[in-house]
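Visitor: Hi! I have a protein here that I've never looked at before. Could you walk me through it?
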Amino acid sequence: MCMIFFNRYFMRAIVWNTTDVILDETSITGENMSDIYVKGWMPGMEQDKQKTDVHYRSLDGDGNFNWRFVFGFDYLPAEQLCLVSRKEHFWNLDQTEFRTPPKLIVQIWDNDKFSLDDYLGTVELDLLHLIPPAKTPEKCSLKMLPGVTGSTPSKQPPPNSLFSQKSVRGWWPCMIEQDGKHILGGKVEMTLEIVEEREVEERPAGKGRDEPNMNPKLDFPNRPDTSFFWFTSPCKTMRFIIWRRFKWIFIGLIVLLLVLLFLGILLYSLPNYISMKIVKPFS
């Protein structure tokens, strides 16, 4: 029986922001919008899928998260593969070992409360041949992805292994297929970091914004006032959605109502005033 030597690693992915996300829905006031969240997992470990909280009512495709994914995995350096143990079927008593390439899949979704969530785009990142991220969202495009029509590999920096880089931050494009064509579904800004098991106790970090919230500390994102779930916030809905969009209509209706009220009082009082002028009972 041969011994299998593996190293325990932790993949930390901090989702900072999104931009240029497809606006998939229409609000109750007729505005294009999306309730954005980001989902991530490593292939072979789908039971550990993680997702951010929801950035509600994004009107421009921007989303703010400050959310950390943490994935633990066993890595075989000699084979450059992840070692995954799981039951093939729920009735199996023993687990089966699988070998999968070390990859991270990141997807952008639109949250729906009363129907299925809408898929908006994905990017698959090979940790051994990591696509170099763009430094700014303006430079982030589908041309960065290999195999996409219009991509120019010769102009792109060569891929690097995250196991040697340890940490990288930047923007990656998420792709979606519509009508047989690849289009941009959005852009996501992330920090990707590989941490060895011995470093975890020295530099702890919790999932999401949970404790231990450090390395780095993630604050609640600075989202616009319009980012809220309308169904649970009726006062904000009136203030930021109904009033902001239909303010002048409401003001016009109030003015019109006052004018009609004035005319009604005038018409009601005018006959009595005229008759008093004609009869002159106090003369």
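Guide: Happy to, and we can go from the overall picture to a few particular residues. Keep in mind that this is a predicted model.

Visitor: Great. How many helices and strands does the protein have?
Guide: There are three helices and 12 strands.

Visitor: And what share of the residues is buried?
Guide: Of the 283 residues in the protein, 42% are buried. The protein exposes about 17,200 Å², and carbon and sulfur atoms supply 59% of that area.

Visitor: What about contacts between residues 24 or more positions apart?
Guide: Such pairs account for 64% of the contacts with a separation of 6 or more.

Visitor: Let's switch to aromatics. How many aromatic pairs are there?
Guide: The count comes to seven aromatic pairs. Take Y9 and F73 as one of them: their ring centres are 6.0 Å apart and their planes are at 25 degrees, so the pair is stacked.

Visitor: Why is that angle called stacked?
Guide: Because planes under 30 degrees apart count as stacked.

Visitor: Where in the chain do Y9 and F73 lie?
Guide: Y9 lies in strand β1 (residues 7–19) and F73 in strand β6 (residues 63–76), so the pair ties together parts that are 64 residues apart in sequence.

Visitor: Are those two buried or exposed?
Guide: Y9 counts as buried, with 11% relative accessibility. F73 is buried as well, at 1%.

Visitor: Which kind of pair does Y9 make with F163?
Guide: An edge-to-face one, because the ring centres are 5.4 Å apart and the planes are at 80 degrees. This pair also links distant parts of the chain, with Y9 in strand β1 and F163 in helix α1 (residues 162–165), 154 residues apart.

Visitor: Which residues make up the cluster linked by ring pairs?
Guide: Y9, F73, Y75 and F163 are linked into a cluster that way.

Visitor: Okay, charges next. What sits over the ring of W109?
Guide: The charged end of K39 does, 4.4 Å from the ring centre. Another lysine, K49, lies over the face of W41, at 4.3 Å from the ring centre.

Visitor: Now the strands. How do β11 and β12 run, and how many bridges join them?
Guide: They run antiparallel, and 12 bridges join β11 (residues 167–178) to β12 (residues 181–196). As an example, S167 has E193 in β12 as its bridge partner.

Visitor: What does L218 touch?
Guide: Leaving aside residues up to four places away in sequence, L218 touches I14, W16, N66, W67, R68, G208, R209 and N213. G208 is 10 residues from L218 along the chain, and their C-alpha atoms are separated by 8.4 Å.

Visitor: One last thing: which residues does the "transmembrane region" annotation cover?
Guide: According to an unreviewed UniProt entry, the annotation covers residues 248–270. In this model that span is 100% helix and 0% strand, and its end C-alpha atoms lie 32 Å apart.

Definitions and conventions:
Residues are numbered from 1 along each chain as its sequence is written. This is a predicted model: local features need pLDDT of at least 70, side-chain atom pairs count only at pLDDT 80 or more; totals for chains, interfaces and linings use all residues. Side-chain values use heavy atoms; hydrogens and water are left out. Helices (H or I, at least four residues) and strands (E, at least two) are DSSP runs, numbered from the N terminus. Buried means under 20% relative accessible area, exposed over 50%, partly exposed in between (1.4 Å probe, protein chains only). Contact means heavy atoms within 4.5 Å. Accessible areas come from the Shrake-Rupley method with a 1.4 Å probe; for residues, only the protein chains shown count as cover. Rings of Phe, Tyr and Trp (its six-membered ring) pair if their centres lie within 6.5 Å; planes under 30 degrees apart count as stacked, over 60 as edge-to-face and the rest as tilted. A charge sits over a ring if NZ of Lys or CZ of Arg is within 6 Å of the ring centre and within 35 degrees of the ring normal. UniProt positions are given in the numbering used here, feature names are shortened, and annotations may be inferred rather than shown by experiment. Two strands pair if DSSP finds at least two bridges between them.
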